[in-house]
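Please read this briefing alongside the model. The topics are one chain as a whole, one interface and one residue.

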Amino acid sequence: MTLSVSDVKRVADLAYIEIDEDEAKETLIQLSGIFNLIETMQAVDTSTVEPMSHAQSVVQRLREDAVTETDQRELYQSIAPQVEAGLYLVPQVIE
Amino acid sequence: MFNASLKQLSLQLTEKKISSTELTTEFLKRIKALNPEYNAFITVNEELSLAQAQAADKMRASGQAGPLTGIPIAQKDIFCTKGWLTTCGSKMLSNFVSPYDAGVIERFNQAGAVNIGKTNMDEFAMGSSNETSFYGPVKNPWDHAAVPGGSSGGAACAVAARLAPAATGTDTGGSIRQPAALCGISGIKPTYGLVSRYGMIAFASSLDQGGPMAKSAEDLALLLNVMTGFDPRDSTSLQRDAEDYARDLQKPLAGLRIGLPKEYFAEGMSKDVENAIEKALDEYRKLGAQTVEVSLPNAPLAIPVYYVLAPAEASSNLSRFDGVRYGHRAKSYGDLADMYRKSRAEGFGAEVKRRILIGTYVLSHGYYDAYYIKAQKLRRLIAQDFAEAYKQCDIIMGPTTPTVAFNLGEKSGDPIQMYLSDIYTSAANLTGMPAMSIPVGFGDKNRPVGLHIIGNYFSEAQMLNVAHQYQLATGWHLQSPV
Amino acid sequence: MQWEIVIGLEVHAQLSTQSKIFSGSSTAYGAAPNTQASVIDLALPGVLPVLNKGAVERAIKLGLSVGAEINSPSIFARKNYFYPDLPKGYQISQYELPVVQGGNIQIQVDGTEKNIRLTRAHLEEDAGKSLHEDFHGMSGIDLNRAGTPLLEIVSEPDMRSSAEAVAYAKILHALVRWIGICDGNMQEGSFRCDANVSVRPLGTEKLGTRCEIKNLNSFRFLEKAIDYEARRQIEILEDGGAIRQETRLYDANKDETRTMRTKEDANDYRYFPDPDLLPLEIPQSWIDQIKQTLPELPQARRDRYISKFALSAYDASVLISSREMADYFDATLKQLPTQAKLCANWIMGEISGQLNKEGIEMTACPITPAQLAELLARISDGTISGKAAKSVFESMWNGELDKNVDAIIEAKGLKQISDDSAIEKLVDQVLAANAQQVADYRNGKEKAFNSLIGQIMKATQGKANPAQVNAMLKKKLDG
């Protein structure tokens, strides 16, 4: 598998991280090395193995349907970058 | 006082030889004097710590004290702590004063422990040297030219340099055990699901587990008694009866079968580490244990598997950092997407971005099966290897790290070399098994060596017993760099 | 060329739980912005989701009601994309293994029955809201809705016209309210439709390229959007063009759909199992328990109305359009077991009409089923005419005379003349006074008969029993 600068840019775009040409080139070198390491996985035949998502084979616990939270807007918005009239402000959302 | 065990401190508090306020004041003074050199703490808040100490003294006076009441504990800056700056070592959260407490913090608060400060760490726990912290590197107390390990580097340094009697850490691929080994202290990552992840800022949810770091196995047992327990707010938290992790400390080790994976005693381990580990194993044989060779054929793949799964989960876990509701927002930006891209580019450091990109890539369309699913299948094979090995032994041992602490800057430009520091530790995160590191001597440049002890699920009490018996017989854990 | 329209629907039904799907915040509508957004809904660092039992229970109810499989385990996955109303940067949804799999819904269009297959229904969380009022050129984000439980119900592309799509959506809308899992309030966004529309030459198998029209929040918009979109696609194809797969928005003001995003700029959602949530296992015992609490389902009730009460398929379908109406019908019929058709007509006609006019719900109807039954009994026993009954109904609706039917009839003097000798006398009087029309009738002018009836009714101010008058007149003229 060979990565290209455009792959790096595409992924950075998906991850919403600004990246310039030089950074992309530098990142490409490092990611290529890491993916060479990752590629060693392909040597093992896993065709009959089930994927493992969790360390314990436990099932989801369910919460009773009850309202347990109270309004803490003032506290939570005290750490927000920009709020007005109880709303979080962001640059215009275009739909 | 600074070298005292938790048990000794607890006794002094009970016997009123010292108050929590005095104890806390002493440690705060020591931090104030030495932290500028070590950089082990990101935040110290004397006012908040002393208020807790005074409350602990009242608790003691009213006869409601537990073993940790009044004892200062350093908290890794990954645990959300109400009213405290909680940065996770990142610029992204450099202004984040948490409005709520993590489950672990609540447990320490209920036990009456004193939060002595928030410890430095690799940014979002991504690193093995503490060099990725936005707040700068931490020094290894044994050798100021060396790294303390990571990501719980501040915690390991704080305990080793006697800036705190004990500390909390978190471990996603070795972040408790590797710095414990490099700083010559003891640390344990419990079975996945025993310590609440609620309020512990997520790196890789299916691998992250909190645990204690201290001077001895005995201290770890006391800390585990407080830290573990069911938390209904964490779906992966396990509902189990409470246990006393100190219950088996005194058991003799005669008949103990120690498994030595041949894959861990192979190429890669440096000579000085090997010597120290062999001596430790000899000591165990003297204590009546026997060693058997076992095999973990897929264990060498733990690092590639880990570097698919952990970044994949991280790339998604870190999407919430967007500068909308809290955290860093870029000063100047154009439209909405630009605000996101600039805030995230500025707020995250290079290693975090690298892992987000790896994770985004392995989850992206067309690569998911080849990387993510493949890694999850290998994860199962690795877990099966351990299950097989435990048919032949009670406990597994090996080196915690392939080398002693490396120099600051030595590996920071080479991510792969850095990643290989976790070559022995990450398998326990993939399987969810408990694992710990204890100091067993010194290697090159008189830097500490850690013995890695991996147990089967829920065997923490036995592991602590195995570690404690060694520590009774030897004195490595009592050695102090200061 | 003749074209066939192919439609599949994705319906988002907001589940009627008290708290959110993964947090203990209230789901109540209309609260001040961000006052129902907890640390979990705000996606603060370190917070974790725990699944709401009430949401799962509602999903199971839907599954059982449409004859679907309940998957156990089902898996929650993360759908990753960035948007300010999505605080975590991912939506927790179900992807590969949804909780409900398969199922069927029967619709009727123009008297024809049709089966629509369901693909699946899965649990997911709703996003917050972006408010576009101008805050110095910025948008405001309200996260009260973030984390509200949704059940996304996905159909197979089994519908062939906008009428079928609307019929399906209405049946589903009635069903979710019927089984009490969703309040169905379309204005508040509790029930939203996305329509996948494609066209193909009639008689061919291969599906055409589809477009998805998002967020249709009324049945009328659903119909118009599909009609517009089908026309648009047919025009493009007939001009030799090709359809581009894309997501479109319906603009109700212009009655047209327009591009929202194309497939090319569609996000790569990077779905993967949410490591914070474990597999959802649903024991059979729980399913059985829920099965027992389910009310008689609309389809079963409709069948009962047709087979037991000889109602037409149309009447039965209208009556089951809501559980409240069907229950009202059942309660009325209980008092008047032989008059199913009369009861149905009045409930679908006067009662529904009046409720609609005043914008009130069936549950708040001022006339109880027992009171309606009393009124209808007076029609069936010949005490009053149907026309007079409408006047009594009006009085009852307005609460006159304690809604006492007989008292109102008495007070208004609406009692019918049903006495044969009295009617005979009236008929004789009218015949005597209208010799010319009698002669016309006998000469074959049928119209004259109606005119004579009119005269008789006029003479009694409409109170004579029309059937009796009719019979008596015929006897006199033809006899």
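The points below are grouped by topic. This is a predicted model, in which local features need pLDDT of at least 70 and side-chain atom pairs count only at pLDDT 80 or more, while totals for chains, interfaces and linings use all residues. Residues are numbered from 1 along each chain as its sequence is written, and chains are lettered from A and ligands numbered from 1 in the order in which they are written.

**Chain C**
- Chain C has 15 helices and 16 strands; helices (H or I, at least four residues) and strands (E, at least two) are DSSP runs, numbered from the N terminus.
- The C-alpha trace of chain C spans about 95 × 55 × 55 Å along its principal axes.
- Of the 479 residues of chain C, 44% are buried, that is, with 20 or more other C-beta atoms, placed from the backbone, within 10 Å of their own.

**Interface of chains A and B**
- In chain A, 41 residues are in contact with 53 residues of chain B; contact requires C-beta atoms, placed from the backbone, within 7 Å.
- Helix 2 of chain A gives the largest share of the chain A side, 7 residues.
- Elements that give two or more residues to this side include helix 1 (5-14) and strand 3 (87-91) of chain A.

**Thr401(B)**
- Thr401(B) lies in the loop between strand 9 (395-399) and helix 13 (415-419) of chain B.
- Thr401(B) counts as buried because 31 other C-beta atoms lie within 10 Å.
- Beyond its neighbours within four places in sequence, Thr401(B) is in contact with residues including Gln178(B), Tyr424(B) and Gly450(B).
- Ser421(B) is 20 residues from Thr401(B) along the chain, and their C-alpha atoms are 6.0 Å apart.

Definitions and conventions:
Buried ≥ 20, exposed ≤ 12 C-beta atoms within 10 Å, placed from the backbone. Contact = placed C-beta atoms within 7 Å.
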